[in-house]
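Please read this briefing with the sequence and the coordinates open beside it.

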Amino acid sequence: MDRGIQQLNEPGFEIFEVDDPNVYASITAVNIGIVYVKNLTAQVVCKKCQRNFAISRNKQCQCRNDLVYRFTPIFYRNSYIGGLVLNSLVLICFETPEVILSCLNCGSYYNIKEKSAEFCCFNCNTFTKYKLNKVWLKHSKKEQGKEYVPVRGTPLPENGACKHYRKSFRWYRFPCCNKLFPCDECHNESADHELKRAGKMICGFCAEEQNIARECKCQGRTLKGHWNAGKGTRNKELMSKKDKQKYKK
């Protein structure tokens, strides 16, 4: 049995009503009846101290700023999965959520922890396929434009690094939406449109916006990173000799 798939005797989900759902998902489902997101973790930035961390519920930041992150799940329909309330923080991207789904044929419930799963129902042997393509937050008109705004001379959260590339110290401005993301994967996890290659970057140490280069023009600091100028590939010339990926063909 796949470790990411667990059959459930009881689904154990709570039924909520959300008047204005704002969390959307693109899901590929074959022979699936119900899809229900149990919890939704996100990478966020505290507006007060600019720390970058993962959050799944209300908490207090190390700077003693009270952060509001409240996700209310609903059954997946019309592309939305629930409602999310945010306060005192800025959303960067969502992590892969844990979901409950049911077999369309016999109604058996399964807990899925991976981004995709293909298996035959353990009860009726019906082929079942689940794939989460992306999750994104649809902002209201009042909330639009409240994305994180870098301050020149002040380092970016985590010096520009993200969960995908811990050694890349810069963010990229993508022309498809004119928004900033640490990498292409962060963009795709948050956006609902096709990515266009970035042409500008922001230094993770001084927040200076400039053309993509190996070094920051204002500090001459090398911005070593795996993500190569928006192409979604890793530059092996810049990799450490200790990195196993450097010698893979």
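## Surroundings of Lys134

Leaving aside residues up to four places away in sequence, Lys134 touches Tyr24, Ala25, Ser26, Asn188, Ala191, Asp192 and His193. Lys134 itself is found in strand β13, and its C-alpha atom is separated by 8.1 Å from that of Ala191, a residue 57 positions apart from Lys134 along the chain. The model is predicted, and local features are reported here where pLDDT is at least 70, with side-chain atom pairs counted only at pLDDT 80 or more.

**Salt bridges**

- The count of salt bridges in the model comes to 3, and each of them is taken in turn below.
- Lys38 and Glu98 form a salt bridge in which the closest N and O atoms are 3.5 Å apart. This pair links distant parts of the chain, with Lys38 in strand β3 (residues 32-39) and Glu98 in strand β10 (residues 98-103), 60 residues apart.
- Glu118 counts as exposed, with 53% relative accessibility, while Lys129, at 28%, counts as partly exposed.
- Arg173 and Glu209 form a salt bridge with their closest N and O atoms 2.7 Å apart. Again the pair links distant parts of the chain, with Arg173 in strand β14 (residues 170-174) and Glu209 in strand β17 (residues 209-211), 36 residues apart.
- Arg173 counts as partly exposed at 22% relative accessibility, and Glu209 is likewise partly exposed, its relative accessible area being 34%.

**The sheet that holds β14 and β17**

- An open sheet is formed by 4 strands in the order β15-β14-β16-β17, and the pairing is antiparallel.
- Because β15 (179-181) and β17 stand at the edges and have a single partner strand each, one side of each is left without a neighbour in the sheet.
- From one strand to the next, the twist of this sheet averages 35°.
- Within the sheet, β14 and β15 pair in the antiparallel sense over 3 bridges, and Arg173 stands opposite Leu180 in β15. Arg173 is also the residue that forms the salt bridge with Glu209.

**Aromatic rings**

- The structure holds 11 aromatic pairs, one of which is described here in detail.
- The rings of Phe13 and Phe75 have centres 5.1 Å apart and planes at 90°, so the pair is edge-to-face, the cut-off for that class being an angle over 60 degrees.
- Phe13 lies in the loop between β1 (5-8) and β2 (23-30), and Phe75 in strand β7 (residues 66-77); the pair links distant parts of the chain, 62 residues apart.
- Phe13 is buried, with a relative accessible area of 19%, whereas Phe75 is partly exposed, with a relative accessible area of 25%.
- Both residues belong to an aromatic cluster formed by Phe13, Tyr36, Phe75 and Tyr109.

**Cysteines**

- Cys93 counts as buried, at 1% relative accessibility.
- Cys162 is buried, with a relative accessible area of 5%.

Definitions and conventions
Residues are numbered from 1 along each chain as its sequence is written. Side-chain values use heavy atoms; hydrogens and water are left out. A salt bridge is a side-chain nitrogen of Lys or Arg within 4 Å of a carboxyl oxygen of Asp or Glu. Helices (H or I, at least four residues) and strands (E, at least two) are DSSP runs, numbered from the N terminus. Buried means under 20% relative accessible area, exposed over 50%, partly exposed in between (1.4 Å probe, protein chains only). Two strands pair if DSSP finds at least two bridges between them. Axes are lines fitted to C-alpha atoms, for helices over the stretch in contact, and angles run from 0 to 180 degrees between N-to-C directions. Rings of Phe, Tyr and Trp (its six-membered ring) pair if their centres lie within 6.5 Å; planes under 30 degrees apart count as stacked, over 60 as edge-to-face and the rest as tilted. Contact means heavy atoms within 4.5 Å.
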